[in-house]
Amino acid sequence: MKISQVSVIDISGLIKKSGDLTVPSQIAQACRECGFFYIVGHGVDEKLQQRLEQLSRQFFAQDLETKLKIRMASGGKAWRGYFPVGGELTSGKPDLKEGIYFGAELGKDHPLVQAGTPMHGSNLFPDNIPLFRETVLEYMEAMTQLGHTLMAGIALSLGLEESYFADRYTSDPLTLFRIFNYPTSDDRDRWGVGEHTDYGVLTILKQDDSGGLQVKSKSGWIAAPPIPNSFVCNIGDMLDRMTGGLYRSTPHRVLNVSGGDRLSFPFFFDPNFDVEVKPIQLSAVVNDDKQQRWDKASVHDFRGTYGDYVLSKVSKVFPELRRSVL
């Protein structure tokens with residue numbers, strides 16, 4: 001079944017570890033053709049998802065002063081907290097969205113926190129919304145487990161051992177979670193978020209029923225509308241790099257013209273911060289799409305750790321925070 005040219009894959013066989021290679025072969029086809037696919041049969045509690053959406057709406061409905069009590073400037077090096085509409089840039093232009101940044105909850109005694117590692121630490125949660133903290137952390141745990149399962153499926157889709165990514169990159173993944181609220185717009189040139197690719201290996205997105213997500217395909221921009229109890233998955237720059245462009249990190253963007261606010265919940269399942277991401281020895285020749293990419297940058301030329309890569313990207317998104325944190 002296909003919706004708007006983006007495949008829908010039932011991953012229940014992968015969840016049950018049935019050994020059936022149907023799901024990995026479907027993943028392989030989707031990653032080669034589009035870089036995006038929907039998943040159903042994922043087993044993530046619907047009530048948890050509904051609670052997350054309700055509490056998020058409650059948070060964004062507050063006045064700006066209240067939301068700014070957990071502003072990102074208070075998160076320090078952990079790079080966590082709330083930013084207002086226009087506070088995040090894509091290709092130098094302010095996005096029409098507000099949001100909250102979260103990551104793995106690490107205490108002050110954690111070695112990475114003690115070492116002052118950027119993007120590691122404790123989260124900022126609103127203290128006036130009961131169960132917000134518990135719900136976000138429970139959801140992140142469910143997404144982390146789903147990320148491990150999907151990366152096993154992606155490994156199999158490439159003809160690799162199931163544990164290929166876990167053994168090398170994601171035994172201790174950098175997990176980043178965002179809750180975004182996109183105000184509606186009458187201006188079709190005012191993007192909620194402009195054209196971009198994601199940085200890591202895998203994004204798992206829950207979207208509400210507003211629509212607005214667009215994916216760049218060979219035939220032009222196509223819609224990726226919401227499907228009940230599904231997630232939208234897409235591969236990031238590091239998987240593009242590892243596979244020599246066989247699996248492409250696909251540009252996408254958001255335009256909310258629904259007439260109401262749009263909630264979006266992207267979860268980024270990324271390599272360990274300190275690991276160097278290396279190409280997989282596949283038979284395919286490296287296919288570098290630098291000239292076609294939105295930023296004209298090659299993911300294959302990059303040298304360094306994943307932390308180096310993600311910091312170079314995120315610091316362009318929040319230039320003011322970069323000056324105060326890095």
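Which residue in β15 is the bridge partner of Leu-176? Keep that pairing in mind through the points below. The model is predicted.

1. **The pairing of β8 and β15.** The bridge partner of Leu-176 in β15 is Phe-268. That pair belongs to two strands, β8 (174–182) and β15 (262–270). They run antiparallel, and 7 bridges join them.

2. **The pairing of β8 and β7.** Strand β7 covers residues 98–103 and is joined to β8 by 6 bridges. This pairing is antiparallel too. Here Ile-179 of β8 is the bridge partner of Ile-100.

3. **Burial of β8.** Of the 9 residues in β8, 9 are buried. Leu-174, Leu-176, Arg-178, Phe-180 and Tyr-182 point one way. Thr-175, Phe-177, Ile-179 and Asn-181 point the other way. Both sets are buried.

4. **The cavity.** A search of the whole structure finds 1 cavity of 30 Å³ or more. The largest cavity has a volume of about 40 Å³. β7 and β8 are the elements that give two or more residues to its lining. Leu-176 and Arg-178 both line this cavity, along with Ala-78, Trp-79, Arg-80, Tyr-101, Phe-102 and Met-119. By class, the lining has 6 nonpolar residues, 2 charged and no polar ones.

5. **The largest pocket.** This pocket holds about 640 Å³ of space. Its lining has 38 residues. Nearest the centre lie Glu-88, His-196, Thr-197, Asp-198 and Tyr-199. By class, the lining has 18 nonpolar, 10 polar and 10 charged residues.

6. **Who lines the pocket?** Helix α9 gives the largest share of the lining, 6 residues. Several strands supply at least two residues each, including β5 (89–90), β9 (193–196), β10 (202–207) and β14 (252–254).

7. **Length check on α2.** Helix α2 has 12 residues, 22–33. The expected span is 1.5 Å times one less than the number of residues, so it should be 16 Å for α2. The end C-alpha atoms are 17 Å apart, which agrees.

8. Just after the helix, Gly-35 takes a positive phi of about 80°.

Technical notes:
Residues numbered from 1 in each chain as written. Predicted model: local features only at pLDDT ≥ 70, side-chain atom pairs only at ≥ 80, totals over all residues. Heavy atoms only, no water. 1 Å grid on protein atoms, 1.4 Å probe; cavity = no way out; pocket = protein on both sides within 12 Å on 5 of 7 lines; lining within 4 Å. Points joined across faces, edges and corners; volume = space filled by probe spheres on them. Helix = DSSP H or I, 4+ residues; strand = E, 2+ residues; numbered from the N terminus. Nonpolar A, V, L, I, M, F, W, Y, C, P; charged D, E, K, R; others polar. Buried < 20%, exposed > 50% of the residue type's maximum accessible area, 1.4 Å probe, protein only. Pairing = 2+ DSSP bridges.
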